[in-house]
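Good morning, and thank you for coming.

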Amino acid sequence: MNIIVIMIPMALILGFGFLWAFLWAVDKGQFEDTETPAYRILDLDNKEGKETHERTHKV
Amino acid sequence: MEALYKVNCAYCGTWTTNNAYCCNACEVLDGKFAYPPESEASEFSYLDQENFKSRYKLQNGNFDYVLYVEGLQCASCIHLLEKIPDFDLSVVEARVDYSQSRLALRVSSDFSLANISALLKSWGYGPHFLENNESSMSLQEDENKKLLKKLAVTGACAGNIMLFVIPVYSGLDGSWKTAFNWMSFFIFLPILLYSGTSFYKGAWNSLRYKTINVDLPITVALLSGFIMSTYNLVLGLDAIYFDSTAGFLFLILASRYYLKISQQKFQKSTLIQDLIKSGRFTKIWGSQEKIITLGEIKKGDVIKLIAGDIVPVDGFLLGSALFDVAVLNGEPLPRKFDSKMFIQAGSRLLSKTAKVVVSIDPQKSHLALLLKELQDGSWKKTEFVGLTDKLSQWLILTVFSLAIVFFVFYFRVDTQEAFNRSLALIVLACPCALAFGTPLAFNMALLSAQKKGILIKSSSVFEKIPKIKNIFFDKTGTLTEIDLHLLSSYPNAINFKLKSVIISLEQQSYHPIAFSLRKAWSDITPISVENLEEHLGKGVSGKIFGNFYELFQCENSNDESKIRIELRENGVAMCRLTFESRLLSDCPALIAQIKNIGKTCFLLSGDSNASAKKIGELCKIDLENSWGSLSGSQKRDFVQGFKDTCMIGDGTNDSLALQTADVGIAVKGSTYASLKAADIYFTRSGLSPLLDLFELAHKTKIVLIRNISFSLAYNVIGGALALSGFVNPWVAAILMPISSVLIIASTLWGFR
């Protein structure tokens, strides 16, 4: 049973660590706009990306 | 058929009906970019005046200005707009919110609002700067964040408490059991001290203002659950309910968060409708011009208007001009106003330019008074308390008094059991399901109405619509098209040359006839005309290829609903054209359908009695129910004489009636005053949204009745079981959220 003395604090640290991470993300505004970033990643600015894109779309 | 013309955008690959590119952003990003010419910037130069800058500058936050950008289409638009700093060096950072069509800018000191607007316009977007009070979204976002954080804390704590309780439930005993229970106690503290705070506030307010809200039973359940568990923990007894109390609060917070998000989703999109109003006016003194806001207009100012502008404040005209007064009295034809004539706010200018001397303070103008009257009246409307509100207040009261009475009587038999059963009753029977289910149903109804092009100001109309018996229609703009329609010509076929002459003569005109001709003969391009002259209220004349042409309105038309014009070549009549304001094509069928479901239709028009009767006949509205020559207040009095009324209109002269009716509906293209007065606004043209609205209201009613009967049955049965001791508090705490989930599911299913 003595292992519990270590396991309980570990479980608490893990659980509340993730809670802290989530609260931090909320404060940083990670959940304010959930739609735009999905498009932002599609930026075709780099040449390579654009060529691949054109290839796939011409076929 | 249309799909045949769809192509892939040459840059981003989106399916589009446009040529080559789906939007300008793709064209610009594909390397075809030209800076806007200098002249473009001048159109927006007023934006750089201090009065406008201070109106739009945000006071706090990361960004300085927020714009609503019309025409955001695809990912390329986002990329292009976020690259603005490359094009305009005074912009430090640009950030797009795609779902709201908003662009936020962080700028350096030499930033010009005019340049950025011109740039956006040259890319094909419609830039609208948002006033700093309109972007109060950040306040709402803060609230969302707080709620989300509370939800997260409650969820984490509830989960951990449940983990620590498992060993206790599975038979742990002795000092370890006490240790685990105390751990639950400590993990419950964040919930008690942080997550519950908004409920305490709500409950406190409800006590202070002597109204009843759902926060009260929630607070009682939360606090008594905590106190009783702690009491039992200290005494070493068994009944410890930290886990179920935490779970109860988590589910309540979750449904509250969901409700809030869906509510705001609706509010955001209606806000945007409100702010697309220009609100700028050109003031002239001497040879100077300055662009000012509506609030800056004073008595005695000279305001310059250009074609299409709406007169902001009552005043006297300098020089003569044509005005469209349809919004004020429903008359479709423009009226000519001579110099020094009084002109009412709300009239729309049709001539090229006009100057108006403001004759009274804007606050006292006809329009302002009307708006004020509407505002005062709107208080009466909000007094309407929904059936469900009354019901849930009544339920809370009953449950509380039952619990107290039971406790007092059972107290002597068994203190612990009396407390347990009373608490179980309060937790189980608190009308949370009802309190969440009803707003959720209304929100779903509002959202699906919005998808059908119906904007609704307050959900209370859903409780009124099914009761409607008498429907009043306005004529011009509601049953008939505002634009004139080319009905017939003499001779029947007009050759290309004459058509081209007519189009060329009308090329600079803002008269409704000119618009309808351009629409009817859209394939003809105008040619240049010498000495083109517009004779106000009469017609136009000019020389084409050496011939002198005149296009005049015929004086003697015996049918008031039609107008004729005649083309003369060197004084010889060549052809005649007849126009009328046409009935919307779907009206007669729609009115027949409405009459079929047992409602009475009326027609109220500001136009002449004869044309009102004629349109009424075409729409199959009973002759004795068609009325013409009514002023705004007469329309109101008329509507007031009936019960369970619905008014549908668009003009300023309809606004009083729109407000008086139980349900006021403004159709597409309505004036500001009627939008303000109406409860509902159709963004889709025509009257077909009306049937959708009735259907939706019916659907909402069914869902509400189902929700209410379910929660009543649940509360009565559950309450009886709780009092007779079959349900202990923690089972109640599990059952209560389950009932909420059921109600939410039933609501969502009802609007699938």
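Let us begin with a pair of charges: the side chains of B:Glu566 and B:Arg568 meet in a salt bridge, at 3.0 Å from N to O. By salt bridge I mean a side-chain nitrogen of Lys or Arg within 4 Å of a carboxyl oxygen of Asp or Glu. Before going further, please note that this is a predicted model, in which local features need pLDDT of at least 70, side-chain atom pairs count only at pLDDT 80 or more, and totals for chains, interfaces and linings use all residues. Residues are numbered from 1 along each chain as its sequence is written, chains are lettered from A and ligands numbered from 1 in the order in which they are written, and side-chain values use heavy atoms, with hydrogens and water left out.

Helices (H or I, at least four residues) and strands (E, at least two) are DSSP runs, numbered from the N terminus.

How accessible are these side chains? B:Glu566 is buried, its relative accessible area being 12%. B:Arg568 is partly exposed at 27%, and B:Arg576 is partly exposed at 37%. Here buried means under 20% relative accessible area, exposed means over 50%, and partly exposed lies in between, with a 1.4 Å probe and protein chains only.

Over all chains, the structure holds 13 salt bridges. Another of them joins B:Lys635 to B:Asp654, with the closest N and O atoms 2.5 Å apart. This pair links distant parts of the chain: B:Lys635 lies in helix H22 (residues 632–640) of chain B, while B:Asp654 lies in the loop between strand E26 (645–649) and helix H23 (655–660) of chain B, 19 residues apart. Both B:Lys635 and B:Asp654 are buried. Through shared partners, salt bridges join B:Asp474, B:Lys635 and B:Asp654 into one network.

I turn now to the aromatic rings. A pair of aromatic rings is described by the distance of the centres and the angle of the planes. Rings of Phe, Tyr and Trp (its six-membered ring) pair if their centres lie within 6.5 Å; planes under 30 degrees apart count as stacked, over 60 as edge-to-face, and the rest as tilted. How many aromatic pairs are found over all chains? A search of the whole structure finds 28.

In chain A, A:Phe22 and A:Phe31 form a tilted pair, 5.3 Å centre to centre with 45° between the planes. A:Phe22 is partly exposed at 28% relative accessibility, and A:Phe31 is partly exposed at 40%. In chain B, B:Phe316 and B:Phe342 form an edge-to-face pair, 5.7 Å centre to centre with 65° between the planes. That pair links distant parts of the chain, with B:Phe316 in strand E10 (residues 315–318) of chain B and B:Phe342 in strand E13 (residues 342–343) of chain B, 26 residues apart. Ring pairs also link B:Trp182, B:Phe185, B:Phe186, B:Phe188, B:Phe226 and B:Phe242 into a cluster.

Rings and charges meet as well. The charged end of B:Lys599 sits over the ring of B:Phe694, 4.9 Å from its centre, and that of B:Lys613 sits over the ring of B:Trp627, 5.8 Å from its centre. The criterion is that NZ of Lys or CZ of Arg is within 6 Å of the ring centre and within 35 degrees of the ring normal.

Finally, we come to the two chains together. In contact, meaning heavy atoms within 4.5 Å, are 29 residues of chain B with 26 residues of chain A. The area buried between chain B and chain A is about 2500 Å², of which carbon and sulfur atoms give 66%. On the chain B side, B:Tyr11, B:Lys145 and B:Trp176 lose the most area to chain A, together 21% of what that side buries. Buried area is the accessible area (1.4 Å probe) that two parts lose on being put together, summed over both.

Which charges meet across this contact? The count between chain B and chain A is 1 salt bridge. A:Asp27 forms a salt bridge with B:Lys149, the closest N and O atoms being 2.9 Å apart.
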